[in-house]
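Here is a protein to look over. The questions below take up its helices and their contacts.

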Amino acid sequence: MNEVKEALRNIEQNYKLFLQQQFTFIGALQHTRENAHDLIRPVASISQVQSYMDHYCNNSTDRRILNMFLNICNDLSRLCQKLEAVHSGNNVTNGILERCKLLLSHSNDLSTIRAKYPHDVVNHLSCNEAKNHYGGVVSLIPIVLDCMKEWVTHTEKLPQRTLRNVSGGSAVSEKRAPQDAPARAATSQTPPALHLGAQTSASNKDNIAVQGSKRVWKKLNDTGNDSEKLKGPWKPPGRHAF
C-alpha cells in the first residue's frame, strides 16, 4: 500500500506541473486541430490526442505538453493495474477501479465528463471551449485522481470492516467480554464450601451463647443470689432478654 501511495503522490506532482501549463495544452490542441482540419468535433478521447501529436504536431512545445498529458494518462493506467494486484477489494473498490479503467481507455468518449469543485480546470476555459471542445479532456486526470484517492481510502478501511463482519459484533465488546467474565463469575457464584463454612460458624456461635447462658443460670441458682428475680424454670435466651 505504501508503494501505491508513493506512486499516486508522484503522479499528482506531475499533474500539478501540467496544470500550471493548461493554457499551453489548450494551445497545442488548437494548433494540431487546425493542422488536422478537425475544428468541429470536440477532443473526446486519449487516442485523439495521441493522433494529433503523432501526425499534426509541428513544434517542440506542443509536442512536449501533449506528450506530458499522455504520459500522465499512461502512469494512471499502470497504477490501476497495481491497485488490482495490491488488494482483491470488494464491490466498492472494484467499482472504483472499473470506472478508472473505463475513463483511461484510449477509445472512451470523454466529451460529457466534467471535473467539479474543488477542481477549476473547466473554469479556465471559455464557455465555447468548455462546452464544445476541451471540457472533457481537461477533466479526465483530476477525476481519475479523485477516484484513486477514494480507492485508497476504502481499501485502508477494509481490514477493520472484515473483522467486524466475521466476528458478528464490535471489536470492543469482544475484547471486554473475557476481562469481565471472571468478575461476573465471582459475584454471581459463591463456592459451596464458603456457604457451608459460614453456616457452621453461625451455628457454633449460637451453641456457645446457649451454653454460656446455662452456666450463668446454674451458678446463680447454686449460690442463691437474686433468687427472687430468677423464679421459674430456665428459658433459653431469644431475641429479647428474659
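Q: Is the crossing of H2 and H4 left-handed or right-handed?
A: A crossing is left-handed if the near helix is turned anticlockwise from the far one by less than a right angle, and right-handed if clockwise. The crossing of H2 and H4 is left-handed.

Q: What pLDDT do side-chain atom pairs need in order to count?
A: Residues are numbered from 1 along each chain as its sequence is written, and side-chain values use heavy atoms, with hydrogens and water left out. This is a predicted model, in which totals for chains, interfaces and linings use all residues and local features need pLDDT of at least 70, while side-chain atom pairs need pLDDT 80 or more.

Q: How many helices and strands does the protein have?
A: Helices (H or I, at least four residues) and strands (E, at least two) are DSSP runs numbered from the N terminus. Along the sequence the pattern reads α-α-α-α-α-α-α-α-α. The count is 9 helices and 0 strands.

Q: Which residues of H4 make the contact with H2?
A: Contact means heavy atoms within 4.5 Å. From H2, the contact uses Thr-24, Phe-25, Ala-28, Leu-29, His-31 and Thr-32. From H4 come Thr-61, Asp-62, Arg-64, Ile-65, Leu-66 and Phe-69.

Q: How is H4 oriented to H5?
A: The axes of H4 (residues 60-86) and H5 (residues 91-103) come within 10 Å and cross at roughly 160°. An angle over 145 degrees counts as roughly antiparallel, so H4 is to H5 roughly antiparallel.

Q: Which residues of H5 meet H4?
A: The crossing of these two helices, H4 and H5, is left-handed. On the H4 side are Cys-80, Leu-83 and Glu-84. On the H5 side are Leu-97, Cys-100 and Lys-101.

Q: Is His-133 buried or exposed?
A: His-133 lies in the loop between H6 (127-132) and H7 (135-167). Not counting residues up to four places away in sequence, His-133 touches Arg-33, Leu-39, Ile-40, Arg-41, Pro-42, Val-43 and Asn-128. Buried means under 20% relative accessible area, exposed over 50%, partly exposed in between (1.4 Å probe, protein chains only). At 14%, His-133 is buried.

Methods: Axes fitted to C-alpha atoms, helices over the stretch in contact; angles between N-to-C directions. Parallel < 35°, antiparallel > 145°, perpendicular 65-115°, else oblique.
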